[in-house]
Amino acid sequence: MITAKLRRREGFVFSWTSTPGAGSGRSAIWLDPSSTLFFRYFGSRPPAINREWIEVLAASSNNPGGLVFTAEPESPKEGAPSRS
């Protein structure tokens, strides 16, 4: 989601809430194509993509308030019928 928006030269706000253990509260950053980002991946395999979560994040990123981090919904169970 973030890389797709930056490829299209779109700036946006990304916000999240912190857990009580991290001091609670809300944080937000402005991201645009001139931002320097660093990605770190653990392990050698690409992660599985939860399409339902991507759709929720995409809808959020196109609102005036910007991208708001939301918890990942549970992935459909193996063998469960697809909604697509």
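Two strands were taken to pair if DSSP finds at least two bridges between them, and helices (H or I, at least four residues) and strands (E, at least two) are DSSP runs numbered from the N terminus. The model is predicted, so that local features need pLDDT of at least 70 and side-chain atom pairs count only at pLDDT 80 or more, whereas totals for chains, interfaces and linings use all residues. Residues are numbered from 1 along each chain as its sequence is written, and side-chain values use heavy atoms, with hydrogens and water left out.

On these criteria, three strands form an open sheet of mixed pairing, in the order β2-β1-β3. Because β2 (26-31) and β3 (67-68) stand at the edges with a single partner strand each, one side of each is left without a neighbour in the sheet. Strand β1 (residues 12-17) runs antiparallel to β2, and six bridges join the two. Within this pairing, W16 stands opposite S27 in β2.

The loop between β2 and α2 (51-61) contains D32. This residue is buried yet has no salt bridge; buried denotes under 20% relative accessible area, exposed over 50%, and partly exposed the range in between (1.4 Å probe, protein chains only). With Lys and Arg counted as positive, Asp and Glu as negative, and His and the chain ends not counted, the nearest side chain of opposite charge to D32 is R9, 7.8 Å away. The side chain of D32 does make a polar contact with the side chain of S34 (2.5 Å); such a contact is a pair of N or O atoms within 3.5 Å, of which, within protein, one must be able to donate a hydrogen and the other to accept it, and residues adjacent in sequence count only if both atoms are side-chain atoms. Residues up to four places away in sequence not being counted, D32 touches L6 and G11 (contact: heavy atoms within 4.5 Å).

The structure holds two salt bridges, each defined as a side-chain nitrogen of Lys or Arg within 4 Å of a carboxyl oxygen of Asp or Glu. In one, E10 is joined to K5, with the closest N and O atoms 2.7 Å apart. E10 is partly exposed, at a relative accessible area of 28%, while K5 is buried, at 3%. In the other, the side chains of R8 and E10 meet at 2.9 Å, N to O; R8 is partly exposed, with a relative accessible area of 48%. Through shared partners, these salt bridges join K5, R8 and E10 into one network.
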